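I opened this model to take notes on its fold, its ligand shell and a few backbone details. The entries follow the order in which I looked things up.

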Amino acid sequence: MKENKPKILLHACCAVCMGYPTELLKENYNPVVFFYNPNIFPEEEYIRRRDELIRYCEEQEYEYIIGEYEPEKWYAYINGLEQEPEKGLRCNKCFEYRLNEAAKKTAELGIDIFTTTLTVSPHKISQNIFAEGEKAAHNYNINFLAQDFKKQNGFLKTMEIAKKNEFYRQQYCGCEFSIRK
Ligand code: SF4
């Protein structure tokens, strides 16, 4: 039986990155996990990350929603930024794209706040994620929880949960441009 806490939509990029944020959010909310990541390449990798996340959500009895896999829309959105380095302009567009969809889903579900696991990663600039999250929240008249999940040893705790649960751990962020040669 779920405790009577307000819902929060948690945009999640993979099982690894959702382990710690869900633990933290559970103190004040019932998290609804939303997997929306059309940036992931190739499709086999997308399926692997998606299915690992589903496995964990079902084990933990988290409500979850799987968004559409529509990479052609994502490629069109970041068009012209393919050669940008990680942490650059392509990543900001990628945050914008995914967080806008997360905000839209939050509003559709009648939930009034959302956040994202993206700040767990030390390879991402949290302030840029916050800026896109706030914009997306404004677009749909909801709130964005600007939580920097890598703080207070968040990344370390994330890795501990991943190890304990034997999660599949990918070697690159997600898009084909982030695959390390
Ligand atoms: S490196 Fe990661 S955040 Fe940046 S564009 Fe690629 S998938 Fe998106």
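I counted six helices and five strands in the protein chain. Helices here are DSSP runs of H or I with at least four residues, strands are runs of E with at least two, and both are numbered from the N terminus. Read from the N terminus, the order of elements is β-α-β-α-β-α-α-β-α-β-α. The radius of gyration of the protein chain is 15 Å, close to the 16 Å given by the globule rule for 181 residues, so the chain is as compact as a globular protein of that length. That radius is taken over C-alpha atoms, and the rule is 2.2 Å times the number of residues to the power 0.38.

I noted the terms of the source before going on. The model is predicted, and local features need pLDDT of at least 70, side-chain atom pairs count only at pLDDT 80 or more, and totals for chains, interfaces and linings use all residues. Residues are numbered from 1 along each chain as its sequence is written.

**Overall dimensions.** I read the span of the C-alpha trace along its principal axes as about 45 × 40 × 30 Å. Of the 181 residues, 37% count as buried. A residue is buried if 20 or more other C-beta atoms lie within 10 Å of its own, exposed if 12 or fewer, and partly exposed in between, with C-beta atoms placed from the backbone. I also looked at contacts, meaning two residues whose C-beta atoms, placed from the backbone, lie within 7 Å. Among contacts with a separation of 6 or more, 71% are between residues 24 or more positions apart.

**Sheet.** In what order do the five strands lie in the sheet? I traced β3-β2-β1-β4-β5, an open sheet with parallel pairing. The edge positions belong to β3 (63-66) and β5 (143-144), each with a single partner strand, so one side of each has no neighbour in the sheet. Strands pair if DSSP finds at least two bridges between them. I found three bridges joining β1 to β4, which run parallel. Strand β4 (residues 113-116) pairs with β5 in the parallel sense over two bridges, and I113 stands opposite N143 of β5.

**Helix α1.** Why is helix α1 said to be largely enclosed by the rest of the structure? Eight of the 11 residues of α1 (residues 15-25) are buried, so the rest of the structure largely encloses this helix. I listed the buried ones as A15, V16, C17, M18, G19, Y20, P21 and T22. They pack against β1 (7-12), β2 (30-35), α2 (43-60) and α6 (154-164). I saw that α1 lies across β1 and β2 and runs at about 165 degrees to β1. Axes are lines fitted to C-alpha atoms, for helices over the stretch in contact, and angles run from 0 to 180 degrees between N-to-C directions.

**Ligand shell.** Which residues are around the ligand? I recorded N39, E86, R90, C91, C94, C173, G174, C175, F177 and S178. The shell divides into five nonpolar, three polar and two charged residues. Ala, Val, Leu, Ile, Met, Phe, Trp, Tyr, Cys and Pro count as nonpolar, Asp, Glu, Lys and Arg as charged, and the others, Gly among them, as polar.

**Backbone details.** Most residues other than glycine have a negative phi, and most peptide bonds are trans. I checked the departures. The F41 to P42 peptide bond is cis, with omega near -10 degrees, and P42 lies in the loop between β2 and α2. E61, in the loop between α2 and β3, has a positive phi near 60 degrees and is not a glycine. With 8 C-beta neighbours inside 10 Å, E61 is exposed. N141 is not a glycine either, and its phi is positive at about 60 degrees. I placed N141 in the loop between α5 (126-139) and β5; N141 is exposed, with 9 other C-beta atoms within 10 Å.

**L81.** I found L81 in the loop between α3 (71-77) and α4 (89-108). L81 is partly exposed, with 15 other C-beta atoms within 10 Å. Leaving aside neighbours within four places in sequence, L81 is in contact with L89, R90 and K93.

How values were computed
A residue is near a molecule or strand if its C-beta atom, placed from the backbone, lies within 6 Å of it.
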